[in-house]
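Okay, thanks for making time, everyone.

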Amino acid sequence: MKGLYCRAGLSDAEPKFVIQEASLPDVIGTHQVRIQVKACGLSPLDLKVLESSQNVYVHDSAVYMTKQYDVMSYPRLPFPGILPLDSPFSGLCDVIDVDEHYLVQKPEKLSSVCAVGALRDGLCAYTALHTHARMAAGHTLLVMDGASPFGLMCIQLACYHGVKVLTTSHSPQKHTFLQQLRPSIARVIPVDNGSSDLLPVVMEETGGLGVDIVIDSGVRLQEEEESEEAKLLPHKHDIISVLGVGGHWVTSHQDLQLDPPDCRLLFLKSASVSFLNPEVWTASSAQQGRYLRILPNQIQSVCLAPICPSRPEPEEAVPRYEATVAMETVQLHQKKKAVVQL
């Protein structure tokens with residue numbers, strides 16, 4: 001069988017993704033199941049985490065799988081799951097062995113492609129809002145780039161739990177999409193026109209108190225960053241300024257640098273900063289018990305959340321022969337997500 005693998009480049013060279021042959025062991029390990037892969041979601045591979053390896057695997061973000069029972073006695077059931085960083089298999093192999101604890105049964109009302117597209121972002125959203133920010137009904141949440149897959153999952157979970165949601169939009173099309181969501185978002189703030197209205201708009205919506213939670217999708221560390229993509233990101237000082245007393249800032253920016261004035265402002269507000277690492281649950285066995293509770297709760301919340309469109313459908317799934325190009329596009333951040341259907 002074949003799978004998608006990544007060969008890390010030397011120094012700063014871009015990684016190369018290739019389809020190559022793979023094989024299964026003769027004996028299945030303890031607590032493992034052999035499963036047939038039906039579809040697989042692709043997300044950027046963090047090579048900094050795996051830089052010590054010369055040849056690393058593509059650990060795809062989410063895999064829609066069918067557990068292999070004796071078809072003469074049992075029906076085939078759908079089990080979505082997330083491959084850990086140390087998995088020896090590519091998520092695009094036809095059949096793989098995976099620990100049974102990394103799987104969760106898919107609700108019937110959730111399509112396979114939607115399950116693949118929403119699982120990783122849903123887990124990140126659940127981790128950011130529940131584990132880090134301790135979200136509760138009555139809180140006010142600011143989600144940066146709410147039309148992204150991760151941002152939309154944050155909005156969906158927050159609406160389900162009775163949280164007031166503010167968000168930013170990166171284009172007129174995304175602005176219109178976010179305004180059409182039901183139940184409606186309290187305020188959609190456009191940032192594509194280069195304006196700096198974030199702070200006054202947030203203060204207007206919160207009566208000058210600031211928000212309880214901020215979830216970012218990246219930040220600007222310097223005011224003079226001139227790339228078009230960087231201009232859409234909020235400056236770190238703006239994020240700290242919109243936080244209320246006791247607020248929580250959950251960031252995905254792993255190279256965040258806070259200057260003494262930033263720390264002083266956080267101290268005055270008794271606010272906190274948390275880093276969101278998507279791989280943390282499968283990387284630490286100490287958190288395995290919490291992960292086993294979070295994964296089924298998250299997949300159920302995708303179905304139960306009241307937002308309309310009710311579930312974030314990813315773009316049309318691509319066939320496996322296009323997986324290499326799709327993964328390269330995702331790795332270069334030209335596309336946030338891709339789903340490959342086997």
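**A walk through the core**

Let's start with A158, which sits in helix α2, residues 149-160. When I say helix or strand, I mean DSSP runs, H or I of at least four residues for helices and E of at least two for strands, numbered from the N terminus. Before going on, this is a predicted model, so local features need pLDDT of at least 70 and side-chain atom pairs count only at pLDDT 80 or more, while totals for chains, interfaces and linings use all residues. Residues are numbered from 1 along each chain as its sequence is written, and side-chain values use heavy atoms, with hydrogens and water left out.

So, is A158 buried or exposed? A158 counts as buried, because its relative accessibility is 0%; buried is under 20% relative accessible area, exposed is over 50%, and partly exposed is in between, with a 1.4 Å probe and protein chains only. Setting aside neighbours within four places in sequence, A158 is in contact with L129, M135, L141, V163 and V165, where contact means heavy atoms within 4.5 Å. Take L129 from that list: A158 and L129 are 29 residues apart in sequence, yet 7.9 Å apart in space, C-alpha to C-alpha.

Not counting residues up to four places away, L129 touches R134, M135, L141, C154, L157, A158, I213 and I215.

Which residues touch the most other members of the largest nonpolar core? In that core of 53 residues, they are L129, L141 and I215. A nonpolar core here is a set of buried Ala, Val, Leu, Ile, Met, Phe, Trp, Tyr and Cys residues joined through side-chain atoms within 4.5 Å. At least two residues of this core come from each of β3 (32-42), β7 (95-99), α1, β8 (140-143), α2, β11 (211-215) and α9 (288-304). The largest share, ten residues, is supplied by α1. Domain 1 (2-106 + 312-341) and domain 2 (121-275) each give this core at least three residues; those bounds come from an automatic or database domain assignment.

Now for α1 itself. Helix α1 covers residues 112-132, 21 residues, and reaches 29 Å from its first C-alpha to its last, close to the 30 Å expected at 1.5 Å a residue; that expected span is 1.5 Å times one less than the number of residues. α1 has a kink of about 40°, centred on A118, the bend being the angle between axes fitted to the seven residues ending there and the seven starting there. Of the 21 residues in α1, 19 are buried.

H130 also belongs to α1. Its side chain makes a polar contact with the side chain of H161, at 3.5 Å. By polar contact I mean a pair of N or O atoms within 3.5 Å; within protein, one must be able to donate a hydrogen and the other to accept it, and residues adjacent in sequence count only if both atoms are side-chain atoms.

Over in helix α7, residues 260-269, we find D262. D262 counts as buried because its relative accessible area is 6%. The D262 side chain makes a polar contact with the side chain of K236, at 3.5 Å.

Zooming out, the chain has ten helices and 15 strands, and 50% of its 342 residues count as buried.
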